[in-house]
Amino acid sequence: MKRKRLVWQIFPSFLLVTLMAIITAIWFASHALEIFFLDQTATELKDRIALVRYQIDPLIDPLQAERIDRICKIAGQISSTRFTVILPDGRVVGDSQENPAHMDNHAGRPEISEARGSGMGRSVRYSRTLERRLMYVAVAVSQQDRLAGVVRAAFPITSLEDKMQAIRWRMAGGGLLIAIIVGLISLLAARKISHPIEMLKTGADEFAAGNLDKKMPLPATEELAVLANAMNKMATQLDNRIETAINQKNELETVLSSMREGVVAIDATEAIMSMNPLAAEMFECDRDKVKNRSIQEVVRNLALQTFVSKALSAEDSREEDITFYRQAEVVLNIKSSPIVDTTGQRIGTLLVMTDVTRLRRLENMRRDFVANVSHEIKTPLTAIKGYVETLHNREVDSPEDTNRFLGIIIKHVNRLEAIVEDLLSLSRIERDNFREALNLAMVRMGDIFQTAIQVCQKGAENKHIDIQILNGEDLEANVDATLLEQAILNLLDNAVKYSEEGSRVEILAENRNGMIAIHIRDYGSGIATRNLSRLFERFYRVDKARSRQLGGTGLGLAIVKHIVQAHDGEITVDSKLGVGSTFSIFLPR
Ligand code: ADP
């Protein structure tokens, strides 16, 4: 619907009413004026009739038509009025302008019949004889209570009508002037009424646009001033409420953002209501684009979908670990709790998520570790038990066999000892305060290499393996010498163990990017790429049987890794199956 401005609604009504009033006034005035003029003329005509009547009255009975006609003609000339004398039967006996003998019967003329009835008649009409509008006034002449005739006077009213017309025109001109003035005044008045309302409208528009701190001016009209005041108050309250709401929202946002858990609120239709930054990170999605989108669409994970559906229909909280398969596996522990609104109505569910990938991995590792330790210890123990029982039951006769059995027992006991020793080293290194207990000192690399070589020299010689120090003997680093010796020894020991007879092992140290790099290179069996990632895990062995046969515990590399980490260093391996391996330790100087 096309809406008009208030001023254009008020103004035309004003104008219409004024115009109607003016037109009505003019109409009444001109009508009254006309009646007044006609009455005036009629009275005048009556007076003129009275003047001629006293001459005519005695001539009617007995009738002296000729004299009557002459009087008519003379009086007509003097007073520029047409006089006509008519007998009761309608016959004309005298007329100022015409020959009565040629005139038709006048009994039917309205003024005549009226005069015959009531003594006087009056009529205004067009005279074909004179070709103009005339006023006729007829007066009955009675003699001895009997109608003897009618004297009629006629006067052209054309000039009267012209005058009336002129007056009408002047009145119309005056009316138009008044209408223009009134129109202007009503336009001003309409504007005066509509202006404050328009001001209110502008103010309300400002409020609607969010400029609630602007106040609208108070109009002079009382009712509108009250309205403006109420609206100003409303705006102030609204502003305060919005500010409070924003503050609350910001507080909530801050709390959610600083939470170390991911939080997602989901409504009953599984659409996301809100999500904190950590949750967006966990789900790898853009937080700004997820609002009102279905969680199923944002996060494609079947387990999560099932969990959400169940959580939405469940009355109580639920908890589940859900695995997400990305570049690396991520395990999220998700807890759900129902969201209810102030009326107690269930509107959705809240998911609180914690990344438990590391925790679960550690738990698994611990479990595996215990299983591995038990297994590692059980194998030599079972062997020892078997041989000891055999000896105890004296089932062996010869001293050679007895010696051989004892040799085997010693081998297993040594193995047990090695495992226990390695475990003790590991647990020592893993202790929380181990770093602080490090015995740091500037040490020459050559000294460390020599000590480590001395320890494994015998094993190397047995396999005719040559251990060479290629470079960097004089480099120094701030390390715990005993621990670094052990790390180097473990690496040398592995290098010798997993190399063929007659091979060689090289050690070198160098400066690299402000770190000291120690490389232990062998030309032995090498390790397949797929096994490299797990190499430093406890008890991990590429070939279990071979390692065990070579006296390995599966803990050597784990110990090396922990020693290096205690020094804030890093260890890497570069290996190729059948070609050889290089283990590199990087330590800060
Ligand atoms: P182990 O006591 O069995 O040697 P480690 O922790 O020292 O245990 O080593 C883990 C595994 O890594 C070994 O079982 C072996 O398969 C592999 N490995 C370690 N060093 C080498 C090497 N220099 N060459 C080939 N394989 C190696």
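Which residue has a side-chain N or O atom 2.7 Å from an oxygen atom of the ligand? The residue is Asn-494. The views below come from a predicted model.

View 1. Asn-494 places a side-chain N or O atom 2.7 Å from a ligand oxygen. Tyr-498 does likewise, with a side-chain N or O atom 2.9 Å from an oxygen of the ligand. The protein buries 97% of the 520 Å² that the ligand exposes when taken alone.

**View 2. The pocket and the shell around the ligand.** The ligand takes up the space of the largest pocket. Helix H12 (481-497), helix H15 (556-566) and strand S17 (580-588) are the elements that each give two or more residues to the shell. H12 gives the most, with three residues. In total, 21 residues surround the ligand. Among the closest are Ser-547, Thr-553 and Leu-557, along with Asn-494 and Asp-522. By type, the shell holds nine nonpolar, nine polar and three charged residues.

View 3. Strand S3 covers residues 120-127, and strand S4 covers residues 132-143. The two strands pair in the antiparallel sense, over eight bridges. Ser-127 stands opposite Arg-132 of S4. Four residues lie between the strands of this hairpin.

View 4. Gln-144 lies in the loop between S4 and strand S5 (146-156). Most residues other than glycine have a negative phi.

**View 5. A cis peptide bond between Asp-61 and Pro-62.** The bond that joins Asp-61 and Pro-62 is cis, with omega about 0°. Most peptide bonds are trans. Where does Pro-62 sit? Its place is in the loop between helix H1 (6-60) and helix H2 (65-79).

Notes. Residues are numbered from 1 along each chain as its sequence is written. This is a predicted model: local features need pLDDT of at least 70, side-chain atom pairs count only at pLDDT 80 or more; totals for chains, interfaces and linings use all residues. Side-chain values use heavy atoms; hydrogens and water are left out. A residue is near a molecule or strand if one of its heavy atoms lies within 4 Å of it. A polar contact is a pair of N or O atoms within 3.5 Å; within protein, one must be able to donate a hydrogen and the other to accept it, and residues adjacent in sequence count only if both atoms are side-chain atoms. Accessible areas come from the Shrake-Rupley method with a 1.4 Å probe; for residues, only the protein chains shown count as cover. On a 1 Å grid over the protein atoms alone, a cavity is a set of points where a 1.4 Å probe fits but cannot get out, and a pocket is an open set with protein on both sides within 12 Å along at least five of seven lines; lining residues have an atom within 4 Å of a point. A molecule sits in a cavity or pocket if more than half of its atoms lie within 2 Å of its grid points. Ala, Val, Leu, Ile, Met, Phe, Trp, Tyr, Cys and Pro count as nonpolar, Asp, Glu, Lys and Arg as charged, and the others, Gly among them, as polar. Two strands pair if DSSP finds at least two bridges between them.
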